[in-house]
Amino acid sequence: MSDDSKVNDNTPGDRVIEKKDSDELQSGYMSDALVVKQKLDSVSPSMCLAKWTQVSIHLTNGHTQSCYHPPVHKIPIKEVEANPSALHNTSYKKLQRKKMKEGERPSECQYCWNIEDAPGNHLSDRHYRSGEEWAVEMYDEIVNQPYDYDVKPRYVEVNFNHACQLSCSYCSPHISSSWNDEITKQGPYRMAEYEHNSLDWVKLAKLTPIRQDQPNPYRDAFWKWWPEIYPELRVFRMTGGEPLLDVNTFKVLDYVIEHPSPKLQIAITSNMSTKPELMDKFIKKSKIIADGKLIDHLALFASVDSVGKQAEYIRHGLNFDTFLKHVNRYLSEVNANSVSFINTFNVMSVTGLHGFVDMVLDLRSKHSHTFQRVWFDTPMLRYPGWQSVQILPERYQGIIEEVIRYMKKFPETRETRLRGIKDFEVAKLERVLAWMKLGVSPQVLEKERANFYFFFTEHDKRRGTNFLEAFPEMLDFWELCEAASKKFPRNY
Ligand code: SF4
């Protein structure tokens, strides 16, 4: 942070810096990333605090990753039985930490290397995540300890269950029980050169979820480890499946009610489409936590990649109006909370992006009066490759460029504080665009477009949907995909 700037710290999780020579506000998030960049560089050019401080643990099948970009890896059962902290501190992960300290780029972090190597000077998640307050405060400990010590993470994300009533296009049977049911009944999708979402693949990758009625050593280890990590936890996030369908989610909320922790943020990633009884139960417990000021903040992450019928097409089973009603209800009835929309940015997010930004601006003006309660993020979808924006024709880059220009018309300034668009929200979309422009090789392009056509023709047949009815403006792309599909006879 420069000396000529002033930090406005009156809104939780939403610090801004007033620039000396402009009305626009710089987010603390971005300036923290810039500051930590120098600290990381002083260790090595591949150092990232997220490998120590942040963890996603898949309790349904015993996998872990740090952060959530690298592929998951198996937690050895012997390691976790001997020490529940192996849910995070696996011997494999310790080796990746060693590489980072020594300046070697772990290949599993390709997401960040792609961004850092793209033309322009982009900050990657290595900087954003390492710049989080809960990560920076561990910097000295991490640098001074040996690479293989058992660290207590500050940001923990778990999924207790894969029960989910939606079957989103980019999801898989081991993450959604609805997907699992469909594949069990109708088999995998036949793609250009492989079968997509086959249960054999799930089994081979050792991702099959442990059934709810079976003993689960990973879940047991979690509840053993929980009291040990809870006092220093800064963010605890529950994902799924749909977490509101799992009893453990409510067990965590009850624990929090019994054990207030003023620095803790509880986050839940929900599709906000569950039955009203569950929504009532969730809102009731959230109110107790928020009204009693038992924690720092309650954050809801709502997954949605577009608006209206296009959002419903991408996330099959979603009712967009119900979703928006639940989001509004949550923001109106519970204080001291926020909603972050996660737009997993894919082929079908582009043409609805303008409407998505308008939805955010509208909700900000309705609900963000004293602090920012409405956020959004646009992580790029990389898998499956046939839903990646890199396979779209060039004209779709123009649509994103136009939305970026539109967003820049509403910057957050002193006057539009809490109602404008933040600098890092534009920066994140710009980096999606830069990555999109890198494209893929002609061979990959043809194959992935063919796969897009194979997947969604089968999707429409099985689920009674119609891609062109939902996305009439994408006819040019659909025809390219159809033409590509002719080159892949699927004779396997
Ligand atoms: S380098 Fe990037 S992908 Fe790897 S842990 Fe850090 S933020 Fe995640």
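A: The domain assignment divides the protein into domain 1 (26-157), domain 2 (159-435) and domain 3 (440-492); such bounds come from an automatic or database domain assignment. The model is a predicted one, in which local features need pLDDT of at least 70, side-chain atom pairs count only at pLDDT 80 or more, and totals for chains, interfaces and linings use all residues. Residues are numbered from 1 along each chain as its sequence is written.

The mean pLDDT (the predictor's confidence in each residue, from 0 to 100) is 92, and 94% of the residues reach 70 or more. Over residues 1-12 the pLDDT is below 50, and beyond near neighbours in sequence this stretch has 23 contacts in the model. Two residues are in contact if their C-beta atoms, placed from the backbone, lie within 7 Å.

The centres of domain 1 and domain 2, taken over C-alpha atoms, are 21 Å apart. Across the boundary, 31 residues of domain 1 are in contact with 33 residues of domain 2. Strand 3 (25-27), helix 1 (28-43), strand 4, helix 3 (77-82), helix 5 and strand 7 each give two or more residues to the side of domain 1 that touches domain 2. Helices (H or I, at least four residues) and strands (E, at least two) are DSSP runs, numbered from the N terminus. By class, this side of domain 1 has 16 nonpolar, 10 polar and 5 charged residues. Ala, Val, Leu, Ile, Met, Phe, Trp, Tyr, Cys and Pro count as nonpolar, Asp, Glu, Lys and Arg as charged, and the others, Gly among them, as polar.

Two strands pair if DSSP finds at least two bridges between them; strand 4 (residues 54-58) and strand 7 (residues 155-159) pair in the parallel sense over 5 bridges. In this pairing, His 58 stands opposite Asn 159 of strand 7.

Helix 5 leads on to the ligand. Helix 2 (50-53), helix 5 (110-117) and helix 6 (125-130) each supply at least two residues of the shell around the ligand, and helix 6 gives the most, with 3 residues. The shell holds 13 residues, of which Cys 48, Cys 67, His 69, Cys 109 and Cys 112 come nearest; a residue is near a molecule or strand if its C-beta atom, placed from the backbone, lies within 6 Å of it. By class, the shell divides into 7 nonpolar, 2 polar and 4 charged residues. Cys 67 is found in the loop between strand 5 (63-65) and strand 6, and a cis peptide bond with omega about -5° joins Ser 66 to Cys 67. Most residues other than glycine have a negative phi, and most peptide bonds are trans.
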